[in-house]
Amino acid sequence: GTVPESPTELKATERTTESIRWIWKDNANNETGYQILDFNLKPDTGTINMAPPPVITDLPENSVEWTETGLIPNTKYIRSVVAYNEFGTSTSAPVSAYTFANMPTSFVCSAKTFESLTLEWDANNNPANTKYILKRSTDGINYSELSIPDITPPLDSFMGLTTYIDTGLQQETTYYYLLHAVNNADGSKTNPVRLTVQTSASSSSGPIAGKVTQSNGEPITGVW
């Protein structure tokens, strides 16, 4: 007897935030079944007597697809498929794919002053390495992307952050925000979450016109 031919053309299709459909070409005619291997957990290739990557699932003969569920959003998964019988195994080349990011949720303004707004959101199960893109507008039509200049090296988006204080704003002004999560696979963005909020009035009333007097009506004099 002989070992089955290796499956080929393994690829990921129909990805969601928590599932990946894997498909491959069945080249064997004598396999007992197939197994999916988890190369995310494969030990360092330089290790002597390396343990094989763990088996995620067993599938029957002639299988050409499997949908993996219960995955973490915006996360890379590396898989290979194995054809096996009583004489041995043949393994495909490993292939990687990402799940999609979730849209952030609970996008709110948690505090505000006349010149700043504290924005917060929930990662919605996205991992800590997820990036976010935050855009601001004063008319709800034309948006500009915000950045974090104080972080070195500078980031092109907000990696892992779920709070941002937007400063240097105008008092009693309405601001419109769009928040996207970024897919780690290709840099594409989720649909935006929207927020509209107005800054407070200034606590200072500004210059006082006219005379400043004491309680008895006499003008106040002195050096200012």
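Is Asp38 buried or exposed? Asp38 is buried, with a relative accessible area of 11%, where buried means under 20% relative accessible area, exposed means over 50%, and partly exposed covers what lies in between (1.4 Å probe, protein chains only). The structure is a predicted model, in which local features need pLDDT of at least 70 and side-chain atom pairs count only at pLDDT 80 or more, while totals for chains, interfaces and linings use all residues. Residues are numbered from 1 along each chain as its sequence is written, and side-chain values use heavy atoms, with hydrogens and water left out.

Asp38 takes part in a salt bridge with Arg79, the side chains meeting at 2.6 Å, N to O; a salt bridge is here a side-chain nitrogen of Lys or Arg within 4 Å of a carboxyl oxygen of Asp or Glu. Because Arg79 lies in strand S6 and Asp38 in strand S3 (residues 33-38), the pair ties together parts that are 41 residues apart in sequence. Strands (E, at least two residues) and helices (H or I, at least four) are DSSP runs numbered from the N terminus. Arg79 is also buried, with a relative accessible area of 4%.

Strand S6 spans residues 76-85 and also contains Ser80. Ser80 has 0% relative accessibility and therefore counts as buried. The C-alpha atoms of Ser80 and Asp38 are separated by 7.1 Å, although these residues are 42 apart along the chain. With residues up to four places away in sequence set aside, Ser80 touches Leu10, Gln35, Ile36, Leu37, Phe39, Thr91, Ser92, Ala93 and Pro94, contact meaning heavy atoms within 4.5 Å.

Attention now turns to a sheet. Three strands form an open sheet with antiparallel pairing, in the order S1-S2-S5; two strands pair if DSSP finds at least two bridges between them. Strand S1 (8-13) and strand S5 (65-68) stand at the edges with a single partner strand each, so one side of each is left without a neighbour in the sheet. On average, neighbouring strands of this sheet are turned by 20 degrees against each other, direction ignored, with axes taken as lines fitted to C-alpha atoms, for helices over the stretch in contact, and angles running from 0 to 180 degrees between N-to-C directions.

Strand S2 (residues 20-25) runs antiparallel to S1 and is joined to S1 by four bridges. Within this pairing, Lys11 has Ile23 of S2 as its bridge partner. S1 and S2 form a hairpin with six residues between them, and Glu14 in the turn has a positive phi of about 50 degrees. S2 and S5 likewise pair in the antiparallel sense, over four bridges, and the bridge partner of Ile20 in S5 is Glu68. S2 is mostly covered, five of its six residues being buried.

Which residues does Arg21 meet in salt bridges? The side chain of Arg21 meets that of Glu14 at 3.2 Å, N to O, and that of Glu65 at 3.0 Å, N to O. The pair of Arg21 in strand S2 and Glu65 in strand S5 links distant parts of the chain, 44 residues apart. Arg21 is buried, with a relative accessible area of 19%, whereas Glu14, at 56%, counts as exposed and Glu65, at 39%, as partly exposed. Salt bridges that share partners join Glu14, Arg21 and Glu65 into one network. The structure holds five salt bridges.

The nonpolar interior remains to be described. A nonpolar core is a set of buried Ala, Val, Leu, Ile, Met, Phe, Trp, Tyr and Cys residues joined through side-chain atoms within 4.5 Å. The largest such core has 18 residues, of which Phe107, Leu117, Leu119, Leu134 and Tyr177 touch the most other members. Strand S10 (117-122), strand S11 (131-137), strand S15 (174-182) and strand S16 (193-198) are the elements that give two or more residues to this core, and S15 gives the most, with four. Apart from this core lies another, of 14 residues, among them Leu10, Trp22, Ala28 and Leu71.
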